[in-house]
Amino acid sequence: WVFGPPISHREIDRTVEAFSTGIGMTWDEHGADTCHFQAAMGAAGQRAFLVPVMLGSIDEMTDRLTAGITVVDIGCGVGVAATVLAETYPNSTIIGIDPSSLAITEANKRAQQAGLSNLEFREGMFDDLDGLDDVGLLLTLDVIHDLARPGAAVRSAASCLADDGVWIVADIRTKGGLEDNRRMPMLPLFYGMSILYCMSSAMSEPGGAGLGTLGLTKEVFGELTAAAGLRVVETYEHEVDMTNRYYEVRK
């Protein structure tokens, strides 16, 4: 397993068990090593092109962030993207939310070291967005396909967005079935990761959707957003990130 942390016997046994029970592992169950591995996979891109490329593609977003809005990074992990935004836009309030207690503990350490007064982290997930109702920018990076209840998550996202708010969702550039995806050079890695991590997380509750790494196609995401009264107004496939597709979602 070149691209990830060592897989323990416990995780192997737990994965085998999941095939029998239908209930997979949450990300937190994998432990601290996986938490740090997950952060490392996306850190370089989040530091290099989240602000200038992705957010720079959205009309007036840079100006709004500079003036000051509420930003929520849902599924923030150890807080790399949230920290970048807080450093870049000191007038905006940045809130990072993640269900992993391990990730939030590490994120809080980083926030304290950075000394950023406009940054905070909370343990939670989409169900915990109820107290937020004027979010100018909601950020969700490689999260939706991991969720047991993606439809409910999208509805929660809709409820917290300001009328002029923008939801940026990053997810894998999947086309759906195996044959359609064969041209993807990282396909074996994606399927391997899905069995051990993403699909497992997406089936970590009874009745979980089980989308997994390659399950959130443009069509599936379009159905989820439309059912929640949201619009995918633009889809981006930036050359600097050959893994992810980005969606600009509005009310």
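Strand β1 and strand β4 (residues 135-141) pair in the parallel sense over 3 bridges; pairing here requires at least two DSSP bridges between two strands. Asp73 of this pairing stands opposite Leu139 in β4. This is a predicted model, where local features need pLDDT of at least 70, side-chain atom pairs count only at pLDDT 80 or more, and totals for chains, interfaces and linings use all residues. Residues are numbered from 1 along each chain as its sequence is written, and side-chain values use heavy atoms, with hydrogens and water left out.

Helices (H or I, at least four residues) and strands (E, at least two) are DSSP runs, numbered from the N terminus. In β2, Gly96 is the bridge partner of Asp73.

Now the salt bridges, of which the whole structure has 12; each is a side-chain nitrogen of Lys or Arg within 4 Å of a carboxyl oxygen of Asp or Glu. Which residue does Arg64 meet in a salt bridge? The partner is Asp164, at 3.3 Å, N to O. Arg64 lies in helix α3 (residues 61-67) and Asp164 in strand β5 (residues 161-172), so the pair ties together parts 100 residues apart in sequence. Arg64 is buried at 19%, whereas Asp164 is partly exposed at 43%.

Technical notes. Buried < 20%, exposed > 50% of the residue type's maximum accessible area, 1.4 Å probe, protein only.
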